[in-house]
Amino acid sequence: MADLDQNTVTDAVIAQMATTPDPRMREVMESLVRHLHGFAREVRLTPAEWLEAIAFLTKVGQACTPIRQEFILLSDTLGLSRLVNLMDDKANRVGDATETSLLGPFYREAAPHFGYGESIAVHAKGPEMMLFGRVVNEAGEGVPDAVVEIWSTDAEGAYDLQALDPQTMDMRGQFRTDAEGRYAIRTLIPLGYSIPMDGPVGAMVRAQKRHGFRPAHIHMLIGAEGYRELITALYLGDDPNIDSDTVFGVSESLVVQPRMGVEGSPDPSVPAIRYDFQIARRAAHDTTGRVGADPSKVAAE
């Protein structure tokens with residue numbers, strides 16, 4: 001038995017895990033231990049501080065419900081979700097394909113189907129807008145029969161899971177592109193909102209003197225046979241928090257603004273956004289780029 005010190009304990013842990021059969025798990029866990037131990041040494045972590053951290057993580061787990069994922073919120077506010085998203089985008093995005101963004105914690109499968117130009121605002125009320133354009137491939141050709149999913153807050157800054165009975169869906173829907181790849185969606189102009197601040201992650205954000213707000217945005221998930229699934233979002237450029245998104249989701253290419261007089265709008269009487277989404281062919285090695293809600297759990301609600 002060898003006496004361990006603050007440096008040799010790291011190698012002892014890694015040596016004990018060396019029999020892990022899965023090579024990827026072995027690689028990830030070895031790196032995790034090295035960085036975790038290195039972090040503790042760097043900040044000179046005390047027993048009291050570590051117990052406080054354990055209590056915080058325990059509270060994060062206890063705050064999770066089938067419709068609230070506090071650990072995803074923690075990942076988001078630490079920028080880890082965005083980092084994983086950016087690395088996946090760099091590894092898999094092809095050419096000029098539309099940039100990805102965070103799936104977020106409010107995605108739900110089995111959203112209702114709507115026809116071209118119909119409104120997803122079944123219950124919510126507020127100023128309306130049109131979102132329209134095309135889904136195209138790398139050659140700029142329209143992708144027919146692509147599924148375009150959309151979800152966003154209402155004009156008060158609330159998602160359906162927050163504003164309505166969890167069994168009710170609103171401000172979300174599925175559309176299919178036509179033979180030329182065109183889509184058109186009527187919706188409400190969304191409002192930016194604060195992340196949930198009533199839990200342990202909110203307490204952390206307040207302690208850091210951060211505002212906790214996300215700029216107004218519209219989530220999109222687009223898929224078609226033979227193409228890589230696109231998870232993205234469009235952000236409204238006039239939102240006061242566009243440059244300080246508390247979950248770091250904004251990319252310049254995804255910043256838009258509804259306005260009157262947009263050529264080709266299906267309804268010129270309301271402000272509109274025209275945005276063409278480019279999707280890439282699926283490669284054999286592709287894995288999901290979803291960083292956010294667990295759809296298997298949310299869909300069951």
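1. Let's begin with a pair of charged side chains. Asp 160 and Arg 172 form a salt bridge, with their closest N and O atoms 2.7 Å apart; the term stands for a side-chain nitrogen of Lys or Arg within 4 Å of a carboxyl oxygen of Asp or Glu. The pair links distant parts of the chain, as Asp 160 sits in helix α6 and Arg 172 in strand β3, 12 residues apart. Asp 160 and Arg 172 are both buried. Here buried means under 20% relative accessible area, exposed means over 50%, and partly exposed is in between (1.4 Å probe, protein chains only).

2. A word on what you are looking at. This is a predicted model, in which local features need pLDDT of at least 70 and side-chain atom pairs count only at pLDDT 80 or more, while totals for chains, interfaces and linings use all residues. Residues are numbered from 1 along each chain as its sequence is written, and side-chain values use heavy atoms, leaving out hydrogens and water.

3. Now for the whole protein. You can find eight helices and 11 strands in it; these are DSSP runs numbered from the N terminus, with helices (H or I) of at least four residues and strands (E) of at least two. The C-alpha trace spans about 75 × 40 × 35 Å along its principal axes. Of the 301 residues, 44% are buried. Taking contacts between residues at least 6 apart in sequence, 73% join residues at least 24 apart, where contact means heavy atoms within 4.5 Å.

4. The surface and the charges come next. About 15800 Å² of the protein is accessible surface, and 56% of that belongs to carbon and sulfur atoms; the areas come from the Shrake-Rupley method with a 1.4 Å probe, and for residues only the protein chains shown count as cover. There are 28 positive and 43 negative charges, and their mean positions are 2 Å apart. Lys and Arg count as positive and Asp and Glu as negative, without His and the chain ends. Each charge is placed at NZ of Lys, CZ of Arg, CG of Asp or CD of Glu.

5. Have a look at Asp 170, in the loop between α6 (160–163) and β3 (172–176). Leaving aside residues up to four places away in sequence, Asp 170 touches several others, including Ile 120, Val 122, Asp 160 and Leu 164.

6. Why is helix α4 (residues 70–77) described as largely enclosed by the rest of the structure? Because seven of its eight residues are buried. Among them are Ile 72, Leu 73 and Leu 74, along with Glu 70 and Asp 76. The buried residues of α4 pack against α3 (47–62), α5 (80–92) and α7 (200–207). At the start of α4, a side-chain oxygen of Gln 69 comes within 2.9 Å of the backbone nitrogen of Phe 71. After α4 comes Gly 79, with a positive phi near 80 degrees.

7. Arg 134 belongs to strand β1 (residues 128–136). With 25% relative accessibility, Arg 134 counts as partly exposed. The side chain of Arg 134 reaches the backbone oxygen of Glu 180 at 3.2 Å. Arg 134 and Ala 179 are 45 residues apart in sequence, yet 10 Å apart in space, C-alpha to C-alpha. Glu 180 has a salt bridge with Arg 182 (4.0 Å, N to O). Both are partly exposed, Glu 180 at 47% and Arg 182 at 37%.

8. Finally, the other salt bridges. How many does a search of the whole structure find? The total is 16. One of them joins the side chains of Arg 24 and Glu 27, at 2.9 Å from N to O. Both residues lie in helix α2 (residues 23–43), three residues apart, about one turn of the helix. An α-helix has 3.6 residues a turn, so residues three or four places apart point the same way. Arg 24 is exposed, at 52% relative accessible area, whereas Glu 27 is partly exposed, at 48%.

Methods
Polar contact = N/O pair within 3.5 Å; in protein donor to acceptor, adjacent residues only side chain to side chain.
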